[in-house]
Amino acid sequence: MDYIQITPQQREKMLSAVGAASIEDLLKQVPDELRLKGDLNLPQAMDELTLQRHLSQLAAANRPAGQKVCFLGAGAYDHFIPTVVDSLAGQSEFVTAYTPYQAEASQGALQAFFEFQTMVCQLTGMEVANASLYEGATASAEAVLMAINITGKRRVLVSRGVHPHYRQVLKTYLSDLPAEYVEIALKDGVTDPSALAAALIDDTACVVVQSPNFLGLLEKVDTLAAPVQQHGGLAIQIFSPISLGIIKGPGALKTDIAVAEGQPLGIPLSYGGPYLGIFATRMTHVRRMPGRLVGQTTDIDGKRAFCLTLQTREQHIRREKATSNVCTNQGLMALRAAIYLAAMGPAGIREVAQACHDKAAYFAQQAKSAGLKCRFAGEFFNEVLVQLPGGIEKAQAAAATANILPGYAVGADYSELSDCLLLAFTEKRTRQEIDQLVQALATA
């Protein structure tokens with residue numbers, strides 16, 4: 001979009017229209033401690049050659065996860081990405097495509113999204129999936145808004161086992177709505193059914209459960225969902241897409257809406273994004289689903305063709321009738337996920353999932369032999385919470401000397417677990433690397 005200069009007179013006219021005396025009036029809602037005071041701390045101007053050298057030096061100071069042995073997880077995982085994903089997704093026809101406003105002219109892009117939707121349904125056991133959302137946190141919040149719209153109810157029950165960032169995004173979404181956000185406590189690392197029962201009332205719109213949860217443990221989703229559904233609410237599950245290679249999917253667990261972060265499906269860590277929001281539901285609720293839904297049809301010649309079947313979004317002049325304010329989908333990331341799923345196939349996803357679990361189980365066994373304690377005894381997929389009474393900082397320092405990124409310290413999100421590290425194991429980690437990790441943690 002071109003930058004268009006406005007005159008002081010035009011600025012005053014716009015301020016008058018919104019009832020503001022000055023630009024400062026518009027910024028009053030920004031807390032003073034967050035406002036910029038003075039000039040930015042930038043060096044003097046440089047010539048192009050000097051600037052390139054300076055930026056190269058800054059970039060060289062970074063140590064990306066690929067240069068270390070990465071056991072970080074907590075929502076973003078260091079999985080293997082087959083070369084075919086980069087090769088096909090990098091084709092100029094896909095890379096240059098923007099949100100098509102005359103979508104049917106972009107048959108190739110629509111077909112890719114249709115295949116993505118189809119594979120998401122096959123993976124989850126759900127009946128319909130959209131063409132993707134921004135990322136996992138947004139998808140989770142949109143699922144809650146959808147549940148509120150479907151049920152007409154206002155209480156939202158959220159397990160404390162849901163990713164802390166997702167919970168914060170959801171609180172922000174609900175902050176200006178007539179909705180009640182209630183967190184459900186954990187017991188032994190998983191959602192406490194008695195706490196859920198105590199919080200359940202007739203005005204409950206939904207319960208949000210993540211399985212595997214943020215602490216790595218599998219939740220009894222169907223058991224938690226049943227009482228809420230009996231009260232007329234919906235069950236929302238946040239799932240791990242890779243885990244569905246070996247554990248029951250949301251469809252088999254009677255979930256009403258299933259959402260996920262699609263990053264493990266062929267998307268690199270990339271400093272935290274862009275990522276991919278996966279969203280699937282029951283056909284009963286399809287007209288309340290946010291975003292875009294690609295459908296299959298035939299053209300005037302009877303040939304297979306694709307179209308945007310549903311697009312009840314604000315950009316399509318739906319205004320107050322729009323299902324949400326989501327205005328596009330992560331097209332390139334959805335394409336990467338579709339290529340990854342097609343290349344791996346059911347057998348490949350199962351093999352990756354099994355490898356992730358087996359390596360996490362091997363760590364748990366070796367950690368116990370080395371005198372380390374896994375904080376919870378419940379069933380897990382590929383993440384393990386290990387307790388380190390000697391101190392997190394010492395453990396991280398010991399791991400760093402072995403070129404290891406040892407995991408995520410959960411104390412900032414769970415104060416009662418301030419001496420615990422969350423470790424993630426993917427198919428990329430070797431037995432030797434896991435043994436080195438155990439040795440580093442045991443030494444600390």
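In what order do the seven strands of the open sheet lie, and what is the sense of their pairing?

Tutor: The model is a predicted one, and the description below should be read accordingly. The open sheet has the strand order β2-β10-β9-β8-β7-β3-β4, and its pairing is mixed. At its edges lie β2 (128–129) and β4 (180–184), each of which pairs on one side only. Strands of a sheet pair through backbone hydrogen bonds, in either a parallel or an antiparallel sense. Within this sheet, β9 (residues 257–261) and β10 (residues 277–281) are antiparallel partners, joined over five bridges.

In soluble globular proteins, nonpolar side chains tend to be buried together. Here the largest nonpolar core has 43 residues, and the members that touch the most others are Phe-116, Ile-242, Leu-265, Leu-276, Ile-278, Val-294 and Tyr-340. The sheet strands β9 and β10 are among the elements that each supply at least two residues of this core, as are α4 (83–89), α6 (107–124), β12 (304–310) and α11 (331–369). Helix α11 gives the most, with 12 residues. Another core, of 31 residues, lies apart from this one and includes Leu-133, Ala-139, Val-144 and Ile-148.

The structure holds five aromatic pairs. One of them joins Phe-71 and Phe-425 in an edge-to-face arrangement, with 5.4 Å centre to centre and 65° between the planes. Phe-71 lies in the loop between β1 (69–70) and α4, and Phe-425 in the loop between β17 (420–424) and α13, so this pair ties together parts that are 354 residues apart in sequence. Both Phe-71 and Phe-425 are buried. Another pair, Phe-214 with Tyr-414, is stacked, at 6.0 Å centre to centre and 20° between the planes. Phe-214 belongs to the loop between β7 (204–211) and α10 (221–230), and Tyr-414 to the loop between β16 (408–409) and β17, the two being 200 residues apart. Phe-214 and Tyr-414 are likewise both buried.

Ring pairs link Phe-71, Phe-363 and Phe-425 into a cluster. Arg-429 lies over the face of Phe-71, at 5.9 Å from the ring centre. Beyond its neighbours within four places in sequence, Glu-433 is in contact with Phe-71, as well as with Val-69 and Lys-428. Glu-433 is part of helix α13 (residues 431–443). Its relative accessible area is 17%, and Glu-433 is therefore buried, the limit being under 20%. Arg-431 provides another charge over a ring: its charged end sits over Tyr-362, 4.5 Å from the ring centre.

With 23% relative accessibility, Cys-374 counts as partly exposed. Not counting residues up to four places away in sequence, Cys-374 touches Ala-364, Val-384, Leu-385 and Val-386. Between Cys-374 and Phe-114 there are 260 residues of separation in sequence and 42 Å in space, C-alpha to C-alpha.

Key: Residues are numbered from 1 along each chain as its sequence is written. This is a predicted model: local features need pLDDT of at least 70, side-chain atom pairs count only at pLDDT 80 or more; totals for chains, interfaces and linings use all residues. Side-chain values use heavy atoms; hydrogens and water are left out. Helices (H or I, at least four residues) and strands (E, at least two) are DSSP runs, numbered from the N terminus. Buried means under 20% relative accessible area, exposed over 50%, partly exposed in between (1.4 Å probe, protein chains only). Contact means heavy atoms within 4.5 Å. Two strands pair if DSSP finds at least two bridges between them. A nonpolar core is a set of buried Ala, Val, Leu, Ile, Met, Phe, Trp, Tyr and Cys residues joined through side-chain atoms within 4.5 Å. Rings of Phe, Tyr and Trp (its six-membered ring) pair if their centres lie within 6.5 Å; planes under 30 degrees apart count as stacked, over 60 as edge-to-face and the rest as tilted. A charge sits over a ring if NZ of Lys or CZ of Arg is within 6 Å of the ring centre and within 35 degrees of the ring normal.
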